Amino acid sequence: MNAEQPNTVLKKGLPKLEQASNPRANVGKVLVIAEKPSVATDIAKVFKAKRDRSKDFFENDEYVISSAVGHLLQLAVPEKHDIKRGKWSFDKLPHMPPKFTLQPIAKSEARLRVLKRLIKRKDIDTLVNACDAGREGELIFRYIMALASVDKPLKRMWMQSMTDGAIAVSLSH
């Protein structure tokens, strides 16, 4: 890959996502979810998406871009399986609840509601994970998808850097 390739991509325009299995491919929008607002802003700049009046997301004719603010969900301890303080003993370890459930983190619950609303929009056909490439970024996105019970196609946006060219190229891979 040469150094001029990202600039060439920007001059040609942003790539279109392939949605062969989706009959509404030419109608629906793509929701891009970043891990943090600053990354969503950088992506929106490249996609030339305008900030919504609510300031919760960016949008143009093809893309809706929003973000988490780090972790929005955490594992919930089931009440009947919660071992209270002072009652732990080695014979009760390892403690594995029969089912792991998720609960919103109170301080970021408003952001979670925004993302759930965007995910459920009828005009959104595809979701793109633009969270950080590490385990935490993947976990943040997967928890949101699990809570929202997503049945839409998912894609991954791998960004090598946050330059305009790298962002544009990352969507095409």
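A charge is taken to sit over a ring if NZ of Lys or CZ of Arg is within 6 Å of the ring centre and within 35 degrees of the ring normal. In this predicted model, local features need pLDDT of at least 70 and side-chain atom pairs count only at pLDDT 80 or more, while totals for chains, interfaces and linings use all residues. Residues are numbered from 1 along each chain as its sequence is written, and side-chain values use heavy atoms, leaving out hydrogens and water. Arginine 156 lies over the face of tryptophan 158, at 4.5 Å from the ring centre.

Helices (H or I, at least four residues) and strands (E, at least two) are DSSP runs, numbered from the N terminus. Residues are called buried under 20% relative accessible area, exposed over 50% and partly exposed in between (1.4 Å probe, protein chains only). Helix H5 spans residues 164-171 and is largely enclosed by the rest of the structure, because seven of its eight residues are buried. The buried residues of H5 are Gly165, Ala166, Ile167, Ala168, Val169, Ser170 and Leu171.

Strand S5 (residues 73-76) contains leucine 75, and glutamine 74 is also found in S5. Leucine 75 is partly exposed, with a relative accessible area of 43%; glutamine 74 is likewise partly exposed, at 34%. With contact defined as heavy atoms within 4.5 Å, glutamine 74 touches Thr101, Leu102, Gln103 and Ile105, residues up to four places away in sequence not being counted. The C-alpha atoms of glutamine 74 and tyrosine 143 are 8.3 Å apart in space, and the two residues are 69 residues apart in sequence.
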